[in-house]
Amino acid sequence: MRSRVISRDNEMLVALRMSGFKGVYCSDAQELNAAFDAALLDKEIGMIILNEKDFRELEEKVLAVKEKKRSPFICTLPGRRGYSEKDFILKYVREAIGIKLE
């Protein structure tokens, strides 16, 4: 299984490429959607890495994939200043498993 970074943030893409990940730079939302769809069709890809801003752009698609498929694993990384929402992780867990965590 391979991993794929899909990002409109060149700095994140370069950093992850230096760590050994293959990635796709997207200049706009249309390219981002196309790269995400292409990654979903590639059976060799086991993990897709997005930053938070790109996740927000693709949120409906990402959540639909997570509900229907087991693979690929879709990982969201924060930006330079951390997650923009204070309780991003709690919100995500709450939506994923349907329980409220304090």
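This is a predicted model: local features need pLDDT of at least 70, side-chain atom pairs count only at pLDDT 80 or more; totals for chains, interfaces and linings use all residues.
Residues are numbered from 1 along each chain as its sequence is written, and side-chain values use heavy atoms, with hydrogens and water left out.

The chain contains four helices and four strands. Here helices (H or I, at least four residues) and strands (E, at least two) are DSSP runs, numbered from the N terminus. Read from the N terminus on, the elements follow the order β-α-β-α-β-α-β-α.

The four strands form an open sheet in the order S2-S1-S3-S4, and the pairing is parallel. The edge strands of this sheet are S2 and S4, each of which pairs on one side only. Two strands are said to pair if DSSP finds at least two bridges between them. On average, neighbouring strands of the sheet are turned by 25° against each other, direction ignored.

S1 and S2 are joined in the parallel sense over four bridges. Arg4 stands opposite Lys22 in S2, while Ser7 stands opposite Tyr25 in S2.

Helix H1 comprises residues 10–18, and its buried residues are Met12, Leu13 and Leu16. Seen down the axis of H1, these residues fall within an arc of 100°, so they line one face of the helix. The arc is that of the directions from the helix axis to the C-beta atoms, and buried means under 20% relative accessible area, exposed over 50%, partly exposed in between (1.4 Å probe, protein chains only). An α-helix has 3.6 residues a turn, so residues three or four places apart point the same way.

The buried residues of H1 pack against strand S1 (2–7), strand S2 (22–25), strand S3 (45–51) and strand S4 (73–77). The direction of H1 makes about 165° with that of S2. Such axes are lines fitted to C-alpha atoms, for helices over the stretch in contact, and angles run from 0 to 180 degrees between N-to-C directions. At the N-terminal end, Asp9 caps H1: a side-chain oxygen lies 3.2 Å from the backbone nitrogen of Glu11. Gly20, which follows H1, has a positive phi, near 105°.

Helix H3 (residues 52–68) lies across S1, S3 and S4 and runs at about 140° to S3. Asp54 belongs to helix H3 and is buried, with a relative accessible area of 1%. Leaving aside its neighbours within four places in sequence, Asp54 is in contact (heavy atoms within 4.5 Å) with Ile6, Ser7, Arg8 and Leu32.

Finally, the chain may be considered as a whole. Of its 102 residues, 29% count as buried. Among the contacts in the chain with a separation of 6 or more, 60% are between residues 24 or more positions apart.

Methods:
A polar contact is a pair of N or O atoms within 3.5 Å; within protein, one must be able to donate a hydrogen and the other to accept it, and residues adjacent in sequence count only if both atoms are side-chain atoms.
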